[in-house]
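Subject: The structure I promised you

Hi,

Once you have it up, read on and I will walk you through what I found.

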Amino acid sequence: MAATKERIVEAALDVLKEKGFAGASTRTIAARGGFVPGLIFYYFGSLHELLLAALERSSETRLRAYRPQLAAAASLPELIALLERIYAEDRASGHIRVVSELVAGSVAHPELGPRVVELMEPWLEVTEEAAARAFAGTGLGVLVTPRQLAFAAITFYLGANLLTLLVPEQEEVQDLLETGRRLAPLLELLQPPAG
């Protein structure tokens, strides 16, 4: 039973990565996984619940891989270098496409929006923790809260995801991340005023 459910989620992930939200029909997913479409409804209740389960699986897998590294990033340069690597690996793995497709699907199907945001919350939390460590003792840490920095990072990530899908050959996002890595040591020098 668990193996069948796993196969359905994996087929949905594959279809989302290749055909997007609009192309992720029950028939297409079932054909990809080699099972009858009715199993989607048996295990998940609806196509949308399956697609949300696919996003959850992709997100949990990525977060499990990066949580220890985010916890170890103690400085701004380390954090930005890690974010650069996460972006590159998420792009190569197809996770960016899965996230972007579910965000875009939420526009046409607003009932998906709260669940998509809920699945982003663990990323906000881990990013907030990393931001608190990386910006502690800097001038920026005095100006904005770690939660605001985490929200800005997630917002940037979502925008970068969408831009990457719209114009895949554009390298501006990668260039911006590289520039951030080069500027990070300068930002660390900003110390809060004494007293």
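First, a term that you will need throughout: helices (H or I, at least four residues) and strands (E, at least two) are DSSP runs, numbered from the N terminus. Arg-67, for instance, lies in helix 4.

A word on where the values come from. This is a predicted model, in which local features need pLDDT of at least 70 and side-chain atom pairs count only at pLDDT 80 or more, while totals for chains, interfaces and linings use all residues. Residues are numbered from 1 along each chain as its sequence is written, and side-chain values use heavy atoms, with hydrogens and water left out.

**The overall picture**

How many helices and strands does the protein have? There are 10 helices and zero strands, so the order of elements from the N terminus reads α-α-α-α-α-α-α-α-α-α. Along the principal axes, the C-alpha atoms fill a box of roughly 65 × 35 × 30 Å.

Of the 195 residues, 40% are buried. Buried means under 20% relative accessible area, exposed means over 50%, and partly exposed is in between (1.4 Å probe, protein chains only). The protein exposes about 10,200 Å², and carbon and sulfur atoms supply 63% of that area. Those areas come from the Shrake-Rupley method with a 1.4 Å probe, and for residues only the protein chains shown count as cover.

Contact means heavy atoms within 4.5 Å. Among contacts between residues at least 6 apart in sequence, 69% join residues at least 24 apart.

**The cores**

In soluble globular proteins, nonpolar side chains tend to be buried together. A nonpolar core here is a set of buried Ala, Val, Leu, Ile, Met, Phe, Trp, Tyr and Cys residues joined through side-chain atoms within 4.5 Å. The largest one has 49 residues, and the members that touch the most others are Ile-29, Leu-50, Leu-51, Leu-70 and Leu-102. At least two residues of this core come from each of helix 1 (2–19), helix 2 (26–33), helix 3 (38–44), helix 4 (47–72), helix 5 (76–93), helix 6 (95–108), helix 7 (113–135) and helix 9 (146–166). A second, separate core has six residues, among them Tyr-87, Ile-96, Val-173 and Leu-177.

Which residues does Ile-29 touch, not counting residues up to four places away in sequence? They are Ile-8, Ala-11, Ala-12, Val-15, Ala-24, Phe-35, Ile-40, Leu-47, Leu-50 and Leu-51.

Leaving out residues up to four places away in sequence, Ala-24 touches Val-15, Leu-16, Ile-29, Leu-47 and Leu-51.

Helix 1 has 18 residues and reaches 25 Å from its first C-alpha to its last, close to the 26 Å expected at 1.5 Å a residue. That expected span is 1.5 Å times one less than the number of residues. Its buried residues are Ile-8, Val-9, Ala-11, Ala-12, Leu-13, Val-15 and Leu-16, and their cover includes helix 2, helix 3, helix 4 and helix 6. Just after helix 1, Gly-20 takes a positive phi of about 80°.

Helix 5 also has 18 residues and reaches 25 Å. Buried in helix 5 are Leu-76, Leu-79, Ile-80, Leu-82, Glu-84, Ile-86, Tyr-87 and Asp-90. Just after helix 5, Gly-94 has a positive phi of about 95°.

**Some single residues**

Back to Arg-67: this residue is partly exposed, with a relative accessible area of 38%. Arg-67 and Val-126 are 59 residues apart in sequence and 7.0 Å apart in space, C-alpha to C-alpha.

Leaving aside neighbours within four places in sequence, Ser-100 is in contact with Asn-161, Leu-162 and Leu-165.

Val-107 also lies in helix 6, and at 68% relative accessibility Val-107 counts as exposed. In helix 7 you will find Val-117, which counts as exposed at 52% relative accessibility.

Enjoy exploring!

Best wishes
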